[in-house]
Amino acid sequence: MSKSTTQASEHEETRNLTFPVRRGHLGPAVLDINKLYSEHGLFTYDPGFVATASCESAITYIDGEKGILLYRGYPIEQLAEKSTFLEVAYLLLYGELPLKHELERFLDAIRHHTLINESLLRFFNGFHHDAHPMAMLTGVVGSLSAFYPDAMEARDRSQQELFAQRIIAKMPTIAAAAYKHSVGHPFVYPRNELDYANNLLYMLFALPTADYVANPVAAQALDLLFVLHADHEQNASTSTVRLAGSSGTNPYAAITAGIGCLWGPAHGGANEAVINMLTEIADIKNIPRYVARAKDKNDTFRLMGFGHRVYKNYDPRAKIIRSMTYKVLENLGHRSDPLLDLAMKLEEIALKDEYFIERKLYPNVDFYSGIIYRALGIPTSMFTVMFAIARSVGWVAHWQEMVNDPEQRLGRPRQLYMGPLQRDYLQMSQRAGKVGSGI
Ligand code: SDX
(Lines give C-alpha, C1' and ligand atoms only; values in the text may rest on other atoms or scores of the structure.)
Protein backbone atom coordinates (compact mmCIF):
# COMPACT_ATOMS: atom_id res chain seq x y z
CA MET A 1 0.00 0.00 0.00
CA SER A 2 1.72 3.29 -1.04
CA LYS A 3 2.03 5.88 1.70
CA SER A 4 2.05 9.66 1.56
CA THR A 5 2.61 12.30 4.20
CA THR A 6 0.53 15.37 4.84
CA GLN A 7 1.28 18.57 6.72
CA ALA A 8 -1.17 19.47 9.48
CA SER A 9 0.04 22.92 10.54
CA GLU A 10 -1.04 24.22 13.97
CA HIS A 11 -0.49 27.50 15.85
CA GLU A 12 1.32 25.62 18.61
CA GLU A 13 3.24 23.07 16.59
CA THR A 14 3.63 21.48 13.20
CA ARG A 15 3.27 17.72 12.98
CA ASN A 16 4.22 15.45 10.11
CA LEU A 17 1.46 12.87 10.02
CA THR A 18 1.49 9.83 7.74
CA PHE A 19 -1.67 8.21 6.39
CA PRO A 20 -2.23 5.24 4.08
CA VAL A 21 -3.51 6.26 0.63
CA ARG A 22 -6.21 4.10 -0.98
CA ARG A 23 -6.88 4.23 -4.72
CA GLY A 24 -10.21 3.37 -6.34
CA HIS A 25 -10.75 2.10 -9.88
CA LEU A 26 -11.56 5.66 -11.04
CA GLY A 27 -11.38 9.13 -9.50
CA PRO A 28 -9.26 10.71 -6.73
CA ALA A 29 -7.38 8.56 -4.25
CA VAL A 30 -8.32 8.90 -0.56
CA LEU A 31 -6.33 9.41 2.65
CA ASP A 32 -7.46 6.74 5.08
CA ILE A 33 -7.73 8.76 8.31
CA ASN A 34 -9.53 6.09 10.26
CA LYS A 35 -6.83 6.11 12.98
CA LEU A 36 -6.41 9.92 13.07
CA TYR A 37 -8.29 10.42 16.33
CA SER A 38 -7.20 7.23 18.14
CA GLU A 39 -3.50 7.79 17.28
CA HIS A 40 -3.25 11.61 17.08
CA GLY A 41 -6.27 12.99 18.97
CA LEU A 42 -7.33 14.98 15.90
CA PHE A 43 -10.53 15.23 13.82
CA THR A 44 -10.70 16.43 10.22
CA TYR A 45 -12.97 19.43 9.51
CA ASP A 46 -15.01 19.41 6.28
CA PRO A 47 -18.45 21.10 6.52
CA GLY A 48 -20.66 19.91 3.67
CA PHE A 49 -18.25 17.01 3.07
CA VAL A 50 -16.69 18.79 0.09
CA ALA A 51 -13.55 16.62 0.17
CA THR A 52 -14.73 13.62 2.20
CA ALA A 53 -15.35 10.11 0.88
CA SER A 54 -17.92 8.57 3.23
CA CYS A 55 -17.74 5.01 1.90
CA GLU A 56 -16.54 2.66 -0.78
CA SER A 57 -19.08 2.21 -3.60
CA ALA A 58 -19.27 0.39 -6.93
CA ILE A 59 -22.59 1.78 -8.12
CA THR A 60 -22.11 5.20 -9.79
CA TYR A 61 -19.08 7.22 -10.82
CA ILE A 62 -19.06 10.98 -11.53
CA ASP A 63 -16.19 13.00 -12.99
CA GLY A 64 -17.31 16.56 -12.24
CA GLU A 65 -14.53 18.23 -14.22
CA LYS A 66 -15.25 16.26 -17.41
CA GLY A 67 -19.02 15.95 -16.98
CA ILE A 68 -18.94 12.15 -16.92
CA LEU A 69 -21.66 9.99 -15.26
CA LEU A 70 -21.42 6.18 -15.24
CA TYR A 71 -23.99 3.74 -13.78
CA ARG A 72 -22.04 0.53 -13.01
CA GLY A 73 -19.53 1.68 -15.66
CA TYR A 74 -22.06 2.40 -18.42
CA PRO A 75 -22.13 6.05 -19.67
CA ILE A 76 -25.42 7.81 -18.97
CA GLU A 77 -25.60 8.91 -22.63
CA GLN A 78 -25.69 5.26 -23.81
CA LEU A 79 -28.20 4.17 -21.17
CA ALA A 80 -30.41 7.18 -22.01
CA GLU A 81 -30.37 6.23 -25.68
CA LYS A 82 -30.61 2.44 -25.45
CA SER A 83 -32.03 1.34 -22.10
CA THR A 84 -35.20 1.74 -20.04
CA PHE A 85 -35.76 2.80 -16.44
CA LEU A 86 -36.48 -0.69 -15.10
CA GLU A 87 -33.51 -2.19 -16.96
CA VAL A 88 -31.35 0.58 -15.43
CA ALA A 89 -32.91 -0.21 -12.05
CA TYR A 90 -31.84 -3.85 -12.45
CA LEU A 91 -28.33 -2.71 -13.45
CA LEU A 92 -28.00 -0.42 -10.42
CA LEU A 93 -29.33 -3.07 -8.03
CA TYR A 94 -27.52 -6.16 -9.35
CA GLY A 95 -24.43 -4.63 -10.99
CA GLU A 96 -24.89 -6.07 -14.49
CA LEU A 97 -27.29 -5.57 -17.41
CA PRO A 98 -29.91 -8.36 -17.16
CA LEU A 99 -30.25 -11.33 -19.49
CA LYS A 100 -33.65 -11.55 -21.19
CA HIS A 101 -35.14 -13.97 -18.66
CA GLU A 102 -33.66 -11.99 -15.73
CA LEU A 103 -35.27 -8.79 -16.97
CA GLU A 104 -38.60 -10.50 -17.56
CA ARG A 105 -38.55 -11.95 -14.04
CA PHE A 106 -37.68 -8.51 -12.60
CA LEU A 107 -40.43 -6.74 -14.58
CA ASP A 108 -42.93 -9.39 -13.46
CA ALA A 109 -41.92 -8.94 -9.82
CA ILE A 110 -42.31 -5.16 -10.03
CA ARG A 111 -45.65 -5.54 -11.84
CA HIS A 112 -47.03 -7.68 -9.00
CA HIS A 113 -46.08 -5.27 -6.22
CA THR A 114 -47.69 -2.07 -7.54
CA LEU A 115 -50.76 -2.19 -5.29
CA ILE A 116 -50.66 -0.62 -1.81
CA ASN A 117 -52.66 -1.82 1.18
CA GLU A 118 -56.17 -0.33 1.04
CA SER A 119 -55.64 1.07 4.55
CA LEU A 120 -52.80 3.19 3.14
CA LEU A 121 -55.16 4.79 0.62
CA ARG A 122 -57.26 5.98 3.56
CA PHE A 123 -54.19 7.83 4.92
CA PHE A 124 -54.64 10.39 2.14
CA ASN A 125 -58.01 11.43 3.55
CA GLY A 126 -56.12 12.74 6.57
CA PHE A 127 -54.42 15.37 4.41
CA HIS A 128 -56.03 18.61 3.32
CA HIS A 129 -56.38 18.77 -0.47
CA ASP A 130 -53.65 21.43 -0.63
CA ALA A 131 -51.07 19.40 1.30
CA HIS A 132 -47.77 19.40 -0.62
CA PRO A 133 -47.42 16.05 -2.44
CA MET A 134 -43.93 15.62 -0.95
CA ALA A 135 -45.49 15.82 2.53
CA MET A 136 -47.98 13.11 1.54
CA LEU A 137 -45.22 10.98 0.01
CA THR A 138 -43.12 11.30 3.15
CA GLY A 139 -46.05 10.32 5.37
CA VAL A 140 -47.24 7.35 3.36
CA VAL A 141 -43.84 5.88 2.45
CA GLY A 142 -42.82 6.24 6.09
CA SER A 143 -45.89 4.20 7.03
CA LEU A 144 -45.05 1.29 4.73
CA SER A 145 -42.90 -0.23 7.48
CA ALA A 146 -46.08 -0.72 9.52
CA PHE A 147 -47.34 -3.08 6.82
CA TYR A 148 -44.11 -5.00 6.26
CA PRO A 149 -42.59 -5.96 9.63
CA ASP A 150 -40.50 -8.56 7.79
CA ALA A 151 -38.43 -5.67 6.41
CA MET A 152 -36.86 -5.34 9.85
CA GLU A 153 -34.54 -8.24 8.93
CA ALA A 154 -32.34 -5.78 6.99
CA ARG A 155 -29.48 -8.24 6.46
CA ASP A 156 -31.67 -10.98 4.97
CA ARG A 157 -30.89 -10.90 1.21
CA SER A 158 -34.31 -12.21 0.21
CA GLN A 159 -35.94 -9.49 2.33
CA GLN A 160 -33.64 -6.91 0.73
CA GLU A 161 -34.76 -8.00 -2.76
CA LEU A 162 -38.43 -7.97 -1.73
CA PHE A 163 -38.01 -4.49 -0.24
CA ALA A 164 -36.41 -3.23 -3.48
CA GLN A 165 -39.26 -4.60 -5.57
CA ARG A 166 -41.92 -3.18 -3.24
CA ILE A 167 -40.44 0.33 -3.09
CA ILE A 168 -39.79 0.59 -6.85
CA ALA A 169 -43.27 -0.76 -7.60
CA LYS A 170 -45.21 1.26 -5.02
CA MET A 171 -43.63 4.72 -5.33
CA PRO A 172 -45.61 5.54 -8.53
CA THR A 173 -48.86 4.27 -6.98
CA ILE A 174 -48.35 6.43 -3.87
CA ALA A 175 -47.26 9.42 -5.97
CA ALA A 176 -50.30 9.17 -8.20
CA ALA A 177 -52.59 8.81 -5.17
CA ALA A 178 -51.12 12.00 -3.69
CA TYR A 179 -51.85 13.83 -6.93
CA LYS A 180 -55.39 12.42 -7.18
CA HIS A 181 -56.07 13.50 -3.58
CA SER A 182 -54.79 17.00 -4.34
CA VAL A 183 -57.19 17.41 -7.27
CA GLY A 184 -60.11 15.63 -5.63
CA HIS A 185 -60.28 12.84 -8.19
CA PRO A 186 -60.84 9.16 -7.36
CA PHE A 187 -57.73 7.00 -6.95
CA VAL A 188 -56.81 4.96 -10.02
CA TYR A 189 -55.39 1.47 -9.53
CA PRO A 190 -52.31 0.28 -11.46
CA ARG A 191 -52.75 -2.00 -14.48
CA ASN A 192 -50.57 -5.08 -15.02
CA GLU A 193 -50.62 -4.75 -18.80
CA LEU A 194 -48.96 -1.31 -18.72
CA ASP A 195 -45.23 -0.66 -18.49
CA TYR A 196 -43.79 1.50 -15.70
CA ALA A 197 -44.13 4.95 -17.27
CA ASN A 198 -47.49 4.26 -18.94
CA ASN A 199 -48.83 2.87 -15.66
CA LEU A 200 -47.82 6.03 -13.80
CA LEU A 201 -49.38 8.32 -16.42
CA TYR A 202 -52.51 6.14 -16.33
CA MET A 203 -52.76 6.39 -12.51
CA LEU A 204 -52.17 10.15 -12.70
CA PHE A 205 -54.55 11.11 -15.48
CA ALA A 206 -57.16 8.36 -16.05
CA LEU A 207 -60.72 9.08 -14.89
CA PRO A 208 -63.52 6.54 -14.33
CA THR A 209 -65.60 8.32 -16.94
CA ALA A 210 -63.53 7.37 -20.00
CA ASP A 211 -60.74 5.15 -21.28
CA TYR A 212 -57.23 6.61 -21.05
CA VAL A 213 -54.14 5.78 -23.09
CA ALA A 214 -51.03 7.86 -22.46
CA ASN A 215 -49.31 9.61 -25.35
CA PRO A 216 -46.36 7.31 -26.25
CA VAL A 217 -44.06 10.35 -26.53
CA ALA A 218 -45.00 11.34 -22.99
CA ALA A 219 -44.34 7.83 -21.68
CA GLN A 220 -40.99 7.68 -23.47
CA ALA A 221 -39.97 11.11 -22.12
CA LEU A 222 -40.96 10.12 -18.58
CA ASP A 223 -39.03 6.86 -18.76
CA LEU A 224 -35.96 8.74 -19.99
CA LEU A 225 -36.24 11.32 -17.18
CA PHE A 226 -36.36 8.43 -14.69
CA VAL A 227 -33.20 6.90 -16.20
CA LEU A 228 -31.41 10.24 -15.81
CA HIS A 229 -32.55 10.73 -12.19
CA ALA A 230 -32.05 7.12 -10.99
CA ASP A 231 -28.77 7.57 -9.11
CA HIS A 232 -26.00 10.07 -8.52
CA GLU A 233 -23.26 8.72 -6.18
CA GLN A 234 -23.23 10.10 -2.61
CA ASN A 235 -25.60 13.06 -3.13
CA ALA A 236 -27.28 14.53 -0.05
CA SER A 237 -30.41 12.35 -0.06
CA THR A 238 -28.49 9.14 -0.80
CA SER A 239 -26.02 9.95 1.97
CA THR A 240 -29.03 10.53 4.23
CA VAL A 241 -30.41 7.10 3.38
CA ARG A 242 -27.01 5.54 4.11
CA LEU A 243 -26.65 7.38 7.43
CA ALA A 244 -30.21 6.52 8.52
CA GLY A 245 -29.76 2.91 7.40
CA SER A 246 -26.45 2.59 9.27
CA SER A 247 -28.38 2.51 12.56
CA GLY A 248 -30.04 -0.74 11.43
CA THR A 249 -33.46 0.87 11.08
CA ASN A 250 -35.91 -0.66 8.62
CA PRO A 251 -35.26 0.35 4.98
CA TYR A 252 -38.64 2.09 4.58
CA ALA A 253 -37.62 4.49 7.36
CA ALA A 254 -34.23 5.04 5.71
CA ILE A 255 -35.84 5.82 2.34
CA THR A 256 -38.27 8.21 4.05
CA ALA A 257 -35.30 10.13 5.46
CA GLY A 258 -33.98 10.41 1.90
CA ILE A 259 -37.31 11.76 0.66
CA GLY A 260 -37.18 14.48 3.29
CA CYS A 261 -33.68 15.49 2.26
CA LEU A 262 -34.45 15.44 -1.46
CA TRP A 263 -37.32 17.92 -0.90
CA GLY A 264 -34.92 20.80 -0.18
CA PRO A 265 -34.51 23.47 -2.91
CA ALA A 266 -30.73 23.05 -2.84
CA HIS A 267 -31.26 19.43 -3.89
CA GLY A 268 -34.22 17.69 -5.52
CA GLY A 269 -36.61 20.54 -4.73
CA ALA A 270 -34.73 22.65 -7.28
CA ASN A 271 -36.82 21.40 -10.21
CA GLU A 272 -39.93 22.95 -8.63
CA ALA A 273 -37.92 26.06 -7.66
CA VAL A 274 -36.68 26.52 -11.26
CA ILE A 275 -40.22 26.78 -12.63
CA ASN A 276 -41.22 29.15 -9.81
CA MET A 277 -38.12 31.24 -10.59
CA LEU A 278 -38.79 31.33 -14.35
CA THR A 279 -42.42 32.23 -13.67
CA GLU A 280 -41.26 35.10 -11.42
CA ILE A 281 -38.76 36.34 -14.03
CA ALA A 282 -41.63 36.12 -16.56
CA ASP A 283 -39.99 38.10 -19.36
CA ILE A 284 -36.60 38.05 -21.11
CA LYS A 285 -36.18 41.76 -20.37
CA ASN A 286 -36.11 40.93 -16.62
CA ILE A 287 -33.25 38.42 -16.91
CA PRO A 288 -30.37 40.93 -16.31
CA ARG A 289 -32.00 42.07 -13.06
CA TYR A 290 -32.29 38.48 -11.76
CA VAL A 291 -28.77 37.57 -12.87
CA ALA A 292 -27.54 40.62 -10.96
CA ARG A 293 -29.48 39.45 -7.89
CA ALA A 294 -27.93 35.96 -8.20
CA LYS A 295 -24.47 37.58 -8.10
CA ASP A 296 -25.27 39.93 -5.20
CA LYS A 297 -23.90 38.50 -1.93
CA ASN A 298 -26.45 40.54 0.00
CA ASP A 299 -29.30 38.88 -1.87
CA THR A 300 -30.29 35.32 -1.00
CA PHE A 301 -31.61 34.80 -4.53
CA ARG A 302 -29.79 32.10 -6.52
CA LEU A 303 -30.32 30.90 -10.07
CA MET A 304 -32.17 27.67 -9.33
CA GLY A 305 -31.09 24.79 -11.57
CA PHE A 306 -27.60 26.30 -11.84
CA GLY A 307 -24.43 25.10 -10.15
CA HIS A 308 -23.49 21.77 -8.64
CA ARG A 309 -21.27 20.52 -5.85
CA VAL A 310 -19.57 18.02 -8.15
CA TYR A 311 -20.12 19.11 -11.77
CA LYS A 312 -17.82 22.00 -12.68
CA ASN A 313 -18.85 21.36 -16.28
CA TYR A 314 -22.22 20.99 -18.00
CA ASP A 315 -24.26 18.30 -16.15
CA PRO A 316 -24.46 15.50 -18.75
CA ARG A 317 -28.06 14.85 -17.72
CA ALA A 318 -29.00 18.48 -18.36
CA LYS A 319 -27.51 18.22 -21.85
CA ILE A 320 -29.70 15.21 -22.65
CA ILE A 321 -32.84 16.78 -21.16
CA ARG A 322 -32.17 20.07 -22.98
CA SER A 323 -31.87 18.29 -26.31
CA MET A 324 -35.08 16.28 -25.81
CA THR A 325 -37.20 19.19 -24.62
CA TYR A 326 -38.03 20.69 -28.01
CA LYS A 327 -38.84 17.23 -29.46
CA VAL A 328 -41.19 16.40 -26.58
CA LEU A 329 -42.95 19.78 -26.82
CA GLU A 330 -43.35 19.45 -30.59
CA ASN A 331 -44.55 15.83 -30.44
CA LEU A 332 -47.02 16.69 -27.70
CA GLY A 333 -48.45 19.44 -29.90
CA HIS A 334 -47.12 22.35 -27.84
CA ARG A 335 -45.94 25.20 -30.07
CA SER A 336 -43.34 25.82 -27.40
CA ASP A 337 -43.31 26.83 -23.76
CA PRO A 338 -42.51 30.49 -23.03
CA LEU A 339 -40.65 29.28 -19.94
CA LEU A 340 -38.42 27.15 -22.18
CA ASP A 341 -37.56 30.18 -24.32
CA LEU A 342 -36.86 32.09 -21.10
CA ALA A 343 -34.71 29.25 -19.71
CA MET A 344 -32.64 29.06 -22.90
CA LYS A 345 -32.05 32.84 -22.85
CA LEU A 346 -31.19 32.78 -19.15
CA GLU A 347 -28.67 30.00 -19.76
CA GLU A 348 -27.15 31.92 -22.68
CA ILE A 349 -26.72 35.10 -20.63
CA ALA A 350 -25.44 33.35 -17.49
CA LEU A 351 -22.88 31.23 -19.34
CA LYS A 352 -21.34 34.41 -20.80
CA ASP A 353 -21.15 36.11 -17.40
CA GLU A 354 -17.74 36.14 -15.68
CA TYR A 355 -19.33 35.38 -12.28
CA PHE A 356 -20.74 32.07 -13.53
CA ILE A 357 -17.74 31.25 -15.69
CA GLU A 358 -15.27 31.86 -12.84
CA ARG A 359 -17.30 29.67 -10.47
CA LYS A 360 -17.96 27.02 -13.14
CA LEU A 361 -21.72 27.28 -12.65
CA TYR A 362 -23.62 25.40 -15.36
CA PRO A 363 -27.23 24.21 -15.70
CA ASN A 364 -27.81 21.02 -13.71
CA VAL A 365 -30.33 18.20 -14.07
CA ASP A 366 -33.10 20.35 -12.57
CA PHE A 367 -32.84 23.29 -14.95
CA TYR A 368 -34.84 21.84 -17.86
CA SER A 369 -36.63 18.82 -16.38
CA GLY A 370 -39.57 20.89 -15.15
CA ILE A 371 -40.28 22.13 -18.68
CA ILE A 372 -40.90 18.53 -19.75
CA TYR A 373 -42.95 17.65 -16.67
CA ARG A 374 -45.17 20.71 -17.45
CA ALA A 375 -45.58 19.53 -21.04
CA LEU A 376 -46.74 16.16 -19.69
CA GLY A 377 -49.41 17.94 -17.64
CA ILE A 378 -47.71 17.26 -14.30
CA PRO A 379 -48.19 20.14 -11.81
CA THR A 380 -45.11 21.90 -10.39
CA SER A 381 -45.77 20.64 -6.87
CA MET A 382 -45.35 17.07 -8.18
CA PHE A 383 -41.91 17.63 -9.76
CA THR A 384 -39.84 16.55 -6.77
CA VAL A 385 -42.16 13.58 -6.27
CA MET A 386 -41.21 12.49 -9.80
CA PHE A 387 -37.53 12.89 -8.86
CA ALA A 388 -38.15 10.74 -5.75
CA ILE A 389 -39.78 7.96 -7.80
CA ALA A 390 -36.65 7.67 -9.95
CA ARG A 391 -34.14 8.18 -7.14
CA SER A 392 -35.75 5.49 -4.99
CA VAL A 393 -33.78 3.02 -7.16
CA GLY A 394 -30.46 4.67 -6.26
CA TRP A 395 -31.45 4.92 -2.61
CA VAL A 396 -32.27 1.20 -2.48
CA ALA A 397 -29.06 0.24 -4.31
CA HIS A 398 -26.92 2.30 -1.91
CA TRP A 399 -28.83 1.09 1.15
CA GLN A 400 -28.23 -2.53 0.09
CA GLU A 401 -24.54 -1.84 -0.62
CA MET A 402 -24.21 -0.24 2.81
CA VAL A 403 -25.92 -2.99 4.86
CA ASN A 404 -23.91 -5.68 3.03
CA ASP A 405 -20.57 -3.85 3.45
CA PRO A 406 -18.43 -5.64 6.08
CA GLU A 407 -16.73 -2.27 6.82
CA GLN A 408 -20.09 -0.62 7.49
CA ARG A 409 -20.51 0.94 10.98
CA LEU A 410 -22.99 3.30 12.56
CA GLY A 411 -22.44 6.73 10.95
CA ARG A 412 -21.58 9.20 13.72
CA PRO A 413 -19.57 12.32 12.70
CA ARG A 414 -17.78 14.46 15.32
CA GLN A 415 -17.48 18.30 15.55
CA LEU A 416 -15.27 21.30 16.28
CA TYR A 417 -16.75 22.46 19.61
CA MET A 418 -17.11 26.26 19.91
CA GLY A 419 -19.46 26.40 22.91
CA PRO A 420 -18.94 27.51 26.56
CA LEU A 421 -16.27 25.88 28.73
CA GLN A 422 -17.54 23.81 31.69
CA ARG A 423 -19.35 25.96 34.27
CA ASP A 424 -21.55 25.48 37.41
CA TYR A 425 -25.36 25.71 37.60
CA LEU A 426 -26.75 29.14 38.56
CA GLN A 427 -29.73 29.49 40.89
CA MET A 428 -32.38 31.88 39.57
CA SER A 429 -31.21 34.66 41.89
CA GLN A 430 -27.65 34.31 40.53
CA ARG A 431 -28.61 34.77 36.90
CA ALA A 432 -27.69 38.27 35.90
CA GLY A 433 -29.85 38.35 32.77
CA LYS A 434 -27.15 36.77 30.63
CA VAL A 435 -28.27 37.01 27.02
CA GLY A 436 -28.36 33.43 25.70
CA SER A 437 -27.40 32.54 22.13
CA GLY A 438 -31.10 31.85 21.53
CA ILE A 439 -32.35 29.51 18.76
C1 SDX B 1 -29.26 18.26 -7.39
O2 SDX B 1 -25.27 16.23 -5.34
C3 SDX B 1 -25.95 15.80 -6.34
O4 SDX B 1 -25.52 14.95 -7.08
C5 SDX B 1 -27.32 16.44 -6.49
C6 SDX B 1 -28.09 16.08 -7.76
C7 SDX B 1 -28.48 14.60 -7.78
O8 SDX B 1 -28.72 14.07 -8.88
O9 SDX B 1 -28.66 14.03 -6.66
O10 SDX B 1 -27.31 16.35 -8.90
C11 SDX B 1 -29.40 16.86 -7.84
O12 SDX B 1 -29.50 18.53 -6.25
C13 SDX B 1 -28.75 19.31 -8.35
C14 SDX B 1 -28.54 20.71 -7.67
C15 SDX B 1 -29.91 21.37 -7.60
N16 SDX B 1 -29.82 22.64 -6.81
C17 SDX B 1 -29.96 23.83 -7.41
O18 SDX B 1 -30.06 23.99 -8.62
C19 SDX B 1 -29.99 25.00 -6.43
C20 SDX B 1 -29.10 26.13 -6.94
N21 SDX B 1 -27.69 25.71 -6.82
C22 SDX B 1 -26.97 26.06 -5.65
O23 SDX B 1 -27.69 26.28 -4.50
C24 SDX B 1 -25.61 25.40 -5.53
O25 SDX B 1 -25.02 25.48 -6.77
C26 SDX B 1 -25.54 23.98 -5.02
C27 SDX B 1 -26.23 23.83 -3.71
C28 SDX B 1 -26.14 23.04 -6.01
C29 SDX B 1 -24.06 23.63 -4.84
O30 SDX B 1 -23.57 24.47 -3.87
P31 SDX B 1 -22.08 24.33 -3.31
O32 SDX B 1 -21.35 23.21 -3.94
O33 SDX B 1 -22.15 24.34 -1.81
O34 SDX B 1 -21.38 25.61 -3.85
P35 SDX B 1 -21.38 26.99 -3.11
O36 SDX B 1 -22.73 27.27 -2.55
O37 SDX B 1 -20.20 27.03 -2.21
O38 SDX B 1 -21.15 27.98 -4.35
C39 SDX B 1 -19.85 28.30 -4.80
C40 SDX B 1 -19.99 29.74 -5.29
C41 SDX B 1 -20.55 30.68 -4.23
O42 SDX B 1 -20.10 31.98 -4.54
P43 SDX B 1 -18.75 32.54 -3.75
O44 SDX B 1 -19.03 32.37 -2.26
O45 SDX B 1 -17.60 31.68 -4.23
O46 SDX B 1 -18.64 33.98 -4.17
O47 SDX B 1 -20.94 29.77 -6.38
C48 SDX B 1 -22.06 30.56 -6.01
C49 SDX B 1 -22.05 30.66 -4.50
O50 SDX B 1 -22.68 31.85 -4.08
N51 SDX B 1 -23.24 29.85 -6.50
C52 SDX B 1 -24.30 30.43 -7.08
C53 SDX B 1 -25.16 29.39 -7.43
N54 SDX B 1 -24.63 28.21 -7.06
C55 SDX B 1 -23.44 28.50 -6.49
N56 SDX B 1 -24.58 31.73 -7.32
C57 SDX B 1 -25.77 31.97 -7.94
N58 SDX B 1 -26.65 31.02 -8.33
C59 SDX B 1 -26.38 29.71 -8.09
N60 SDX B 1 -27.25 28.76 -8.47
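How many residues surround the ligand, and which are the closest?

1. The ligand shell. The ligand is surrounded by 24 residues, and the closest are His232, His308, Arg309, Arg317 and Arg391. The shell divides into ten nonpolar, seven polar and seven charged residues. In this scheme Ala, Val, Leu, Ile, Met, Phe, Trp, Tyr, Cys and Pro are nonpolar, Asp, Glu, Lys and Arg are charged, and the others, Gly among them, are polar.

2. Basis of the values. This is a predicted model, in which local features need pLDDT of at least 70 and side-chain atom pairs count only at pLDDT 80 or more, while totals for chains, interfaces and linings use all residues. Residues are numbered from 1 along each chain as its sequence is written, and side-chain values use heavy atoms, with hydrogens and water left out.

3. Phe306 has a backbone N or O atom 2.8 Å from a ligand nitrogen atom, and Ala266 has a backbone N or O atom 2.9 Å from a ligand nitrogen atom. For Tyr355, a polar side-chain atom lies 3.0 Å from a nitrogen atom of the ligand. On its own the ligand has 1100 Å² of accessible area, and the protein covers 77% of this. Accessible areas come from the Shrake-Rupley method with a 1.4 Å probe; for residues, only the protein chains shown count as cover.

4. Salt bridges. The count is 18 salt bridges, each a side-chain nitrogen of Lys or Arg within 4 Å of a carboxyl oxygen of Asp or Glu. One of them joins the side chains of Glu56 and Arg22 (2.2 Å, N to O). This pair links distant parts of the chain, 34 residues apart: Glu56 is in the loop between helix H1 (36–40) and strand S4 (60–63), and Arg22 is in strand S2 (residues 14–22). Helices (H or I, at least four residues) and strands (E, at least two) are DSSP runs, numbered from the N terminus. Glu56 is partly exposed at 49% relative accessibility, as is Arg22 at 27%. Buried means under 20% relative accessible area, exposed over 50%, and partly exposed in between (1.4 Å probe, protein chains only).

5. Two further bridges. Lys295 and Asp353 meet through their side chains in a salt bridge (2.7 Å, N to O). Lys295 is partly exposed, with a relative accessible area of 32%, whereas Asp353 is buried, with 15%. Lys345 also forms a salt bridge, with Glu348, the closest N and O atoms being 3.2 Å apart. Because these two are three residues apart in helix H15, about one helical turn separates Lys345 and Glu348.

6. A nonpolar surface patch. Tyr45, Leu416 and Met418 form this patch, with about 430 Å² of accessible area together. Patches are made of residues with over 30% relative accessible area and no salt bridge: like charges are joined within 9 Å, and nonpolar side chains (Val, Leu, Ile, Met, Phe, Trp, Tyr) within 5 Å. Leu416, in the segment after helix H18 (383–403), is exposed, with a relative accessible area of 54%.

Note on methods. A residue is near a molecule or strand if one of its heavy atoms lies within 4 Å of it. A polar contact is a pair of N or O atoms within 3.5 Å; within protein, one must be able to donate a hydrogen and the other to accept it, and residues adjacent in sequence count only if both atoms are side-chain atoms.
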